[in-house]
Amino acid sequence: MLTRVVRLLLPAALLAAAPLCPIPGLRPAQAQQPADAAAPAEANPTAEAKPLEIRIGLITRAVPPPPLYDLLAVPEDEAVAGAELALKDNSTTGRFTGQSFALETTTLAEDEDPADAARALAAKGTRLLIVNLPGAELLKVADAVKDKGAVIFNVGAPDDALRAQDCRADVFHVAPSRAMLTDALVQFLASKRWSKLFLITGPQPADALYAEALRRSAKKFGLKIVADKPWTFGPLGRERSDSITRSDALVFSRGVDADVIVVADEANDFGNYIPFRTFEPRLVTGTQGLTASTWHPAQDAWGSAQLQSRFLRSASRTMRPADYQAWVAARMIGEAATRTRSADPATLAAFLRTPDFSLAAFKGVPVSIRPWDQQLRQPLLIAQPLGIVSVAPEEGFLHQRTPLDTLGTDQGESRCRLK
Amino acid sequence: MTYLRPRRLAGLLAGAAALLAADAASAYTVYVSNEKGNSISVIDSATLEVKQTVKVGRRPRGITMSPDGKAVYVCASDDHAVQVIDPTTLKVLRKLKSGPDPELFALHPTGNPLYIANEDDNQVTVLDVEANKVIAQVPVGTEPEGMAVSPDGGTLVATSETTNMAHFIETRTNKIIGNVLVDARPRFAEFSADGKRLWVSAEVGGTVAVIDPQTRQIIRKIDFKIPGVSRESIQPVGVRLTRDGKRAFVALGPANRVAVVNAETFEVEKYLLVGQRVWQLALTPDEKLLFTTNGNSNDVSVIDVPELKVVKSIKVGSAPWGVVVSPQ
């Protein structure tokens with residue numbers, strides 16, 4: 001188990017010179033609390049109160065070393081680099097509010113149990129946990145710290161079950177659900193009137209879940225799945241040995257009258273093998289080709305050029321969706337700490353659940369939390385490998401609450417009972 | 001090229017003709033920075049035509065003018081410089097040491113120094129424009145943008161977009177003397193002419209906070225509601241106040257409207273439909289016209305201030321960002 005602690009110390013002079021004025025609109029108890037801090041620093045130079053420390057933990061798993069030929073290998077610090085940047089952003093704000101932020105990252109080796117890591121962090125008083133793990137492991141973490149007053153931010157698991165029958169009151173979902181990802185993509189296809197879909201599903205359990213979400217989205221927005229076939233030609237993308245099966249795979253796509261092919265291949269085993277190798281000319285979308293995601297290196301609207309350049313400078317690489325999701329999670333904690341002036345996980349979580357919480361997340365509109373399943377509502381980028389094509393929700397998809405709620409599971413259909 | 005509804009157009013054109021006839025005497029020059037065009041469009045306020053388009057540095061955003069009207073300052077963000085342009089020859093005279101990624105700035109009422117928001121470096125650079133010398137660098141919150149100097153020159157306000165604060169800086173010492181937390185992504189700050197009110201827009205929060213600079217308390221938060229326009233697309237950015245303190249104009253970004261606000265009661269009186277993604281505003285010194293930069297429709301809308309009507313849209317360069325009107 002590898003741990004890494006980042007703690008940004010703030011110049012005391014800055015802190016003393018920067019009283020924060022009480023904010024109207026905050027509850028009286030909160031507004032009164034900083035009365036001392038708001039006194040002019042010159043009047044009481046010795047009153048340099050120890051800053052309130054907000055401790056954040058991040059649990060992630062070591063990425064297996066990529067084969068040498070992997071063009072887009074997952075970087076070792078995926079997600080971690082995003083949380084570290086947010087820690088800097090939070091700390092800059094903390095200088096003015098008398099708060100400091102610390103981040104302790106635990107990177108699990110292959111055989112290590114995330115529950116142990118979570119318990120170890122909680123024992124040290126770190127009870128705000130950003131978790132970048134698959135769904136089953138996220139639940140292990142949630143179970144392990146259930147009675148410790150911890151609050152968990154899911155940045156890695158898209159499973160709809162985590163937002164439905166397996167939902168938990170102490171888990172917030174920053175990563176979009178599969179339903180949100182497929183709704184975003186299908187909205188885009190619907191807006192283009194590409195209504196005949198050819199779905200190709202990979203052999204992994206996650207692929208089946210993606211395909212299931214896609215089928216539901218197609219039904220929701222009135223698109224037709226004209227062919228639905230499993231992929232049985234092996235992980236060609238990974239093995240780079242397609243010569244034997246090439247002809248079969250080619251014939252496989254022949255004679256289907258579809259507008260687009262949708263691939264369900266979350267492991268990236270074959271989806272990139274399909275474009276341009278089909279019999280008829282076909283656009284490819286889904287988990288490869290044109291995809292829906294929270295972030296993209298080509299994203300530069302709504303001030304995101306600033307976030308991109310800050311990230312590039314601090315991590316020496318471009319920002320990936322997992323980095324962005326970890327950044328948002330740590331910023332949610334920062335924003336809640338600023339507004340409530342608290343480091344207590346329960347207080348922060350209570351604030352995140354209220355309509356008063358919203359975050360500027362470089363998506364053009366504020367992002368916020370859906371109270372029924374604690375999923376972050378957010379726009380999603382529809383992008384091809386080197387460019388943004390559109391942003392969902394697409395124009396014309398309306399909702400009585402906010403167009404953002406046209407993506408994913410709505411209140412009325414939610415099976416989540418928070419407890 | 002125009003986005004006004006046709007049945008309105010005839011009336012507006014008639015209005016424009018009347019206005020042009022009446023106001024031919026007061027001709028100001030309007031300078032518009034085109035963020036993606038890397039240029040400045042120069043507009044004559046009497047004819048409402050683009051007279052000239054001048055090439056400047058990369059990604060020009062903030063633009064202002066010296067009080068004597070002898071220099072135009074432009075933030076060339078991607079060139080990490082502030083360029084000084086001669087308004088008569090329209091030639092770039094010099095480059096100033098702005099610090100990295102200058103986005104927006106404010107000039108001291110005396111014309112010197114210049115206070116520059118360095119968006120990427122979480123600081124404000126205080127620059128002596130005569131000597132081209134950095135006097136101070138003041139650390140502020142993440143992504144500073146909005147900048148305003150009080151009319152008496154004593155207080156500088158910088159807003160930081162990710163920290164969500166208006167930082168009050170004493171210009172005598174260049175030290176932060178207070179911070180006010182506002183709604184998400186504060187983009188712009190504007191003092192009233194008497195210095196008694198500070199207006200700060202929050203783009204993502206969708207509000208404008210009116211602050212008492214003395215007590216540094218928020219007096220009022222202004223909300224905007226436009227029938228048929230979603231809450232999320234109402235994103236206040238540029239704010240301008242009339243000198244008598246009676247009226248405020250607020251640019252509402254992708255809502256494609258400028259809100260007309262009664263600056264005494266803080267009630268929104270009217271929404272004026274302008275071009276797409278309206279960000280910055282500038283009044284003529286006689287306060288008869290208001291110019292708006294519409295970044296997504298690549299044009300400038302002209303508002304007749306006494307009539308509160310949009311009278312014209314003028315095609316400019318790519319992605320117009322900032323706008324300033326000559327003092328004479």
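**Group meeting: a predicted two-chain model**

Let me begin with helix α6 of chain A, residues 178–191, which lies across β11, β14 and β15 of chain A and runs at about 60 degrees to β14(A). Please keep in mind throughout that this is a predicted model, and that for the complex the predictor gives an ipTM of 0.78 and a pTM of 0.85.

In chain A, 3 strands make up an open sheet, in the order β11-β14-β15, with antiparallel pairing. Its edge strands are β11, residues 291–293, and β15, residues 387–392, each of which pairs on one side only, and from one strand to the next the twist averages 35 degrees. If you look at β14(A), residues 380–384, you will find that this strand pairs with β15(A) in the antiparallel sense over 5 bridges; to give one pair by name, A:L380 has A:A392 of β15(A) as its bridge partner.

Which residues of α12 in chain A are buried? They are A:P345, A:L348, A:A349 and A:L352, and because these four cover an arc of only 100 degrees around the axis, they sit on the same side of α12(A). As for what covers the buried residues of α12(A), the list includes the strands β4 (128–132), β5 (151–154), β6 (171–173) and β12 (368–369), together with helix α11 (321–340), all of chain A.

Strand β21(B), residues 247–251, pairs with β22(B) in the antiparallel sense over 5 bridges, and the two form a hairpin with 5 residues between them, in whose turn B:G253 has a positive phi of about 60 degrees. Strand β22(B), residues 257–262, then pairs with β23(B), residues 268–273, again in the antiparallel sense and over 5 bridges; this second hairpin also has 5 residues between its strands, and in its turn B:F266 has a positive phi of about 65 degrees. Is β22(B) mostly covered or mostly uncovered? The strand is mostly covered, with 5 of its 6 residues buried.

A word of caution about confidence in chain B: its mean pLDDT is 92, and 92% of its residues reach 70 or more. However, the pLDDT is below 50 over residues 1–7 of chain B, a stretch that has 8 contacts in the model beyond near neighbours in sequence, and it is likewise below 50 over residues 20–25 of chain B, which have 3 such contacts.

Finally, the contact between the chains, which takes 24 residues from chain A and 26 residues from chain B. On the side of chain A that touches chain B, the elements giving two or more residues are α3 (80–97) and α10 (304–315) of chain A, and the largest share, 4 residues, comes from α3(A). By class, that side of chain A has 14 nonpolar, 8 polar and 2 charged residues.

Notes: Residues numbered from 1 in each chain as written. Chains lettered and ligands numbered in written order. Predicted model: local features only at pLDDT ≥ 70, side-chain atom pairs only at ≥ 80, totals over all residues. Contact = placed C-beta atoms within 7 Å. Nonpolar A, V, L, I, M, F, W, Y, C, P; charged D, E, K, R; others polar. Buried ≥ 20, exposed ≤ 12 C-beta atoms within 10 Å, placed from the backbone. Arc of directions from axis to C-beta. Pairing = 2+ DSSP bridges. Axes fitted to C-alpha atoms, helices over the stretch in contact; angles between N-to-C directions. pLDDT = per-residue confidence, 0-100.
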